[in-house]
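Subject: Structure handover

Hello,

Here is the structure for you to take over. Please open it beside this email; my notes follow below.

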Amino acid sequence: MTATPFSIRPIKTEELKPWLDLANQYRHWQEDVEGFRFEETLRPPGEPALRLGAWTADGELAGMAEATLSEDGAPFTDRAQGFVAVHPAYRRQGLGARLADDVERFAATAGVRWLESEAREAEFAAAQPWLRKRGFEELEKYQTSRQRPAAVDLSRVDQLQSNLHNDGIETIALPAIDGELARQELYRCNTVIWRDMPHEAHVEWRDPPYDTFTRSIFERPAVLLDSFFVARDGQHIVGLSYLLRRPDGDAEVGDTGVLSSHRRRGIARVLKMLVTRWAARQGIPFVHTDNRADNAGMLAINRELGFQPGEVSVILEKTMLPVTPI
């Protein structure tokens, strides 16, 4: 079999859609051009990023690669995230290795200690020997799942919401209380929840600036703001849940979380039920989510609310060798 010659180069603006379409086939979270371009505006000024496409001589996109040093405006600490995808028709020709080399060069140039990537579990099994040869090891797993909102029994949501209210916890749509105080509270609550979510101890990041975080919620094209519900104890936001629009017409859970001081009171369940009811009323066909595979509490709530387990995503990590000064 004659190897196909590939041209690997940075993508152009007009090539974003096919580039994202290829990437979306191989990862759980979906992105469209509008969302991608907005995400780029959240990056710290001057922060480098790698966006490569591999093209055949007749102009067909055969593979893609990306690498970044932040996410949602939050810079990683001593870490880069990379991702490579190759169209099935062009595999086993060394293209994946060439793109992976580019990603690793980016991480080495950035001087980070760890390079993180992801793979679907089914593909990880076949690629594991190749990945281990390159120094990647499994870091953690995430269970994806999908819910059909219209099929969920939400007959108890009003009673459960009332019970929380009697216990001093108000659950309310974020737009109903929007203002500077609410946004400050949301920032405080959300950044704490991010750090409290299960993650490996050495995986660290810097919180995004307040203005960047606020833009990521209130200006992000994919955020379905009317689906955003929060729990308040007095004026303090203690929990949240909301949805993001997917390019295919479905929705994804953006974040769901409750401060550790207010857990085991049914707050997360009510918030997710309110979000589910909103999605059902909007006619959203399916809601997708993923949770760390060992997060038993959230996985149990998801099962109660009709989420059916899907693929498992494997998060991989490579410890980069120190760059030797010339």
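**Charges over rings**

The charged end of R27 lies over the ring of F83, 5.1 Å from the ring centre. R183 does likewise with F218: its charged end sits over that ring, 3.7 Å from the centre. Please keep in mind throughout that this is a predicted model.

**Aromatic pairs**

How many aromatic pairs are there? The count comes to six. Two of them are described here.

Take Y187 and Y210. This aromatic pair is edge-to-face. The ring centres are 5.5 Å apart, and the planes stand at 80° to each other. The pair joins distant parts of the chain. Y187 belongs to helix α6, residues 180-196. Y210 belongs to helix α7, residues 210-218. Are they buried or exposed? Both Y187 and Y210 are buried.

Now F228 and Y242. Here the aromatic pair is stacked. The centres are 4.4 Å apart, with 5° between the planes.

Ring pairs tie together Y187, W194, Y210 and F213. The edge-to-face pair of Y187 and Y210 has both its residues in that group.

Two residues to look at here are D78 and R264.

D78 is not a glycine, yet its phi is positive, near 60°. Where is D78? D78 sits in the loop between β5 (74-75) and β6 (79-86). Its relative accessible area is 35%, which lies between the 20% and 50% limits, so D78 is partly exposed.

R264 is not a glycine either, and its phi is near 65°, again a positive value. R264 lies in the loop between β12 (251-258) and α8 (267-281). Why does R264 count as exposed? Its relative accessibility is 86%, and exposed means over 50%.

That is the handover.

Best wishes

Notes. Residues numbered from 1 in each chain as written. Predicted model: local features only at pLDDT ≥ 70, side-chain atom pairs only at ≥ 80, totals over all residues. Heavy atoms only, no water. Phe/Tyr/Trp six-rings, centres within 6.5 Å; stacked < 30°, edge-to-face > 60°. Helix = DSSP H or I, 4+ residues; strand = E, 2+ residues; numbered from the N terminus. Buried < 20%, exposed > 50% of the residue type's maximum accessible area, 1.4 Å probe, protein only. Lys NZ or Arg CZ within 6 Å of the ring centre and 35° of its normal.
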